[in-house]
Amino acid sequence: MARAVFLVWVLSVILATTNLAQGLGVNWGAMASHQLPPKNVVQMLKDNGIKKVKLFDAEPSTLNALAGSGIQVMVGIPNEKLEKLADSYSEAQQWVKENVTKWLGSVSISYVAVGNEPYLTSYNGSYVKTTYPALKNIQKAIRETGAGDKVKATVPFNADVYESSSSKPSDGRFRKDIKNNMVEILRHLRDNKSPFVVNIYPFLSLYQSPDFPKEFAFFEGGSKPVSDNNIEYKNVFDANCDTLINALKKEGFGNMEIIIGEAGWPTDGDKNANIKNAKKFYDGLLKKLGKDEGTPLRKGKLEVYLFGLFDEDQKSIAPGDFERHWGIFRYDGQPKFPMDLSGKGNGDQMLKAVKGVEYLEKQWCVLNSDVKNMSQTDAELNYACAGSDCTSLGTGRSCDLDQHGKVSYAFNSYFQNRDQDVRTCNFNGMATITKNNPSVGDCLFPVQIVNTGAPRHGAVGVAYAFSIFVGLLWMMI
């Protein structure tokens with residue numbers, strides 16, 4: 001009897017870690033000053049039953065770690081390479097040879113992401129002329145190798161490529177300035193049976209508009225719904241997806257496969273970016289995926305890549321300080337909060353952490369206790385933050401500290417970022433190294449990990465141009 005009970009328990013554990021919500025994947029960016037060992041990360045993905053990963057480049061050490069894992073991979077081409085690939089088919093052939101065909105047989109490459117949100121309004125048209133030719137050349141080069149049925153080229157777009165004049169999904173259409181370009185790409189995707197990839201961020205609705213009804217960014221139906229042609233939209237995620245579907249329909253591509261390339265919630269760097277809200281968002285999203293309910297206009301399974309895997313301290317903070325805190329794992333591979341990846345209510349447990357992570361010595365750089373004149377510390381604090389990551393500091397963030405605490409946090413961030421070089425813990429004699437952990441409450445004073453590589457590509461900055469209709473949608477509620 002005891003043996004039978006044990007076997008049932010073992011089976012339940014296996015199911016809980018392998019029965020993920022259908023179509024669930026993760027984004028693995030690499031814009032961190034200190035990289036985790038790729039093989040350890042891949043093992044963590046397997047430990048958590050994660051079977052799909054989206055990359056922002058095709059770095060050999062990462063692909064080598066993914067070899068033989070069975071994890072489906074979307075490799076990426078950075079925007080700065082688009083012009084060369086658009087201008088030269090031989091360049092596209094070489095890129096495919098080195099980053100796709102070389103790995104086929106060992107790495108399960110399913111997609112190539114050509115660029116990353118290249119039609120973003122903030123890019124001012126920089127990549128509009130090169131995206132389609134690059135996409136066409138890459139797909140042609142893939143087809144030439146005989147892998148055209150297995151590997152599809154696509155373009156991950158930001159949701160700002162479409163809009164709604166009335167703020168209702170039914171009025172969704174592609175932006176006028178890029179409409180012809182979009183139709184050209186859509187035709188290519190259809191002809192090659194490739195999906196349309198879009199990044200959707202309900203968090204940005206709150207960030208952009210203080211009057212946006214907060215609950216509409218989540219999935220619990222706590223906000224007044226938006227009525228549109230006998231459909232009641234209870235969350236901005238569904239409304240955004242269906243705005244895209246309507247835009248596709250208007251151009252004759254209403255049946256095109258859609259992949260949500262990025263969806264997530266940051267945990268620091270803004271008043272709405274915290275563990276509580278992130279967990280609430282992911283709980284709702286994962287339950288939605290677990291039910292295969294889709295959206296009002298597209299019922300069934302949704303393929304969604306969570307954004308992102310780890311915090312990345314080298315990302316641009318031009319859109320906001322939250323940019324460095326999108327990870328469901330911390331910088332060191334530790335999970336931030338419980339998640340049920342199955343969406344089936346199989347338990348609210350912490351994800352498996354990255355194993356075998358090496359840390360530097362347990363020591364911190366802090367402000368000397370004998371420094372009494374805090375006004376003297378301003379210049380040193382600014383210097384330290386300019387050379388490290390201080391985005392957790394501030395009112396409503398995880399490190400809402402007094403001046404002494406802020407300075408200590410900045411000093412330690414700078415010190416850890418430079419691998420605890422003792423020469424970087426001086427600051428005109430104001431700093432000292434301590435063995436006593438200065439972390440307080442939710443404010444973590446980190447000890448850096450041993451670096452295993454240089455920062456690479458990632459989502460340079462999640463754009464806050466989150467579709468024009470989102471910025472106006474709150475007016476309809």
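## Buried, exposed or in between

A residue counts as buried when its relative accessible area is under 20%, as exposed when that value is over 50%, and as partly exposed in between. Keep those cut-offs handy while you look at this predicted model.

Now find strand β9, which covers residues 196-199.

Which strands does β9 pair with? One of them is β6 (residues 156-158), which runs parallel to β9 and is joined to it by three bridges. Here asparagine 158 has asparagine 199 as its bridge partner in β9. Strand β12 (residues 258-263) also runs parallel to β9, with four bridges between them. On that side, valine 198 is partnered with isoleucine 260 of β12.

## The largest pocket

Next, some empty space. Rolling a probe the size of a water molecule over the atoms is a way to see where space is left over. The largest pocket holds about 960 Å³ of space. It is lined by 43 residues, and those closest to its centre are Asp311, His325, Arg330, Tyr331 and Leu444.

What kinds of residue make up the lining? It has 16 nonpolar, 16 polar and eleven charged residues. Helices α2 (38-47) and α12 (403-417) each supply at least two of the lining residues. The biggest contribution comes from α12, which gives four.

## Three disulfides

How many disulfides does the structure hold? There are three. Number the bonded cysteines in sequence order and the pairing reads 1-5, 2-3, 4-6.

Cysteine 365 and cysteine 425 make one of these links, with 2.1 Å from S to S. Cysteine 365 is in strand β14 (residues 364-367) and cysteine 425 is in the loop between α12 and β15 (431-434), so this pair ties together parts that are 60 residues apart in sequence. The torsion about the S-S bond is about 90°, so this disulfide is right-handed. Both cysteines are buried.

Another link joins cysteine 385 and cysteine 390, whose sulfur atoms are 2.2 Å apart. Why is this one left-handed? Because the torsion about its S-S bond is about -90°. Cysteine 390 has a relative accessibility of 12%, so it counts as buried.

Then there is the disulfide of cysteine 399 and cysteine 443, at 2.0 Å from S to S. Cysteine 399 lies in the loop between α11 (378-386) and α12, and cysteine 443 in the loop between β15 and α13 (468-473), so the two tie together parts that are 44 residues apart in sequence. This link is right-handed, with 95° about the S-S bond. Cysteine 399 counts as buried because its relative accessibility is 1%, and cysteine 443 is buried with a relative accessible area of 1%.

## Salt bridges across the chain

A search of the whole structure turns up 19 salt bridges. One of them brings together the side chains of lysine 355 and aspartate 47, at 3.7 Å from N to O. Lysine 355 lies in the loop between β13 (303-306) and β14, and aspartate 47 in helix α2, so the pair ties together parts that are 308 residues apart in sequence. Lysine 355 counts as exposed because its relative accessibility is 56%. Aspartate 47, with a relative accessible area of 19%, is buried.

At 24% relative accessibility, glutamate 251 counts as partly exposed.

Arginine 324 and aspartate 389 form a salt bridge too, at 3.2 Å from N to O. Arginine 324 is in the loop between β13 and β14 and aspartate 389 in the loop between α11 and α12, 65 residues apart. Both are buried. Finally, look for Asp160, Arg175 and Asp177, which are linked in a network of salt bridges.

Conventions
Residues numbered from 1 in each chain as written. Predicted model: local features only at pLDDT ≥ 70, side-chain atom pairs only at ≥ 80, totals over all residues. Heavy atoms only, no water. 1 Å grid on protein atoms, 1.4 Å probe; cavity = no way out; pocket = protein on both sides within 12 Å on 5 of 7 lines; lining within 4 Å. Points joined across faces, edges and corners; volume = space filled by probe spheres on them. Nonpolar A, V, L, I, M, F, W, Y, C, P; charged D, E, K, R; others polar. Buried < 20%, exposed > 50% of the residue type's maximum accessible area, 1.4 Å probe, protein only. Pairing = 2+ DSSP bridges. Disulfide = S-S within 2.5 Å. Salt bridge = Lys/Arg side-chain N within 4 Å of Asp/Glu carboxyl O.
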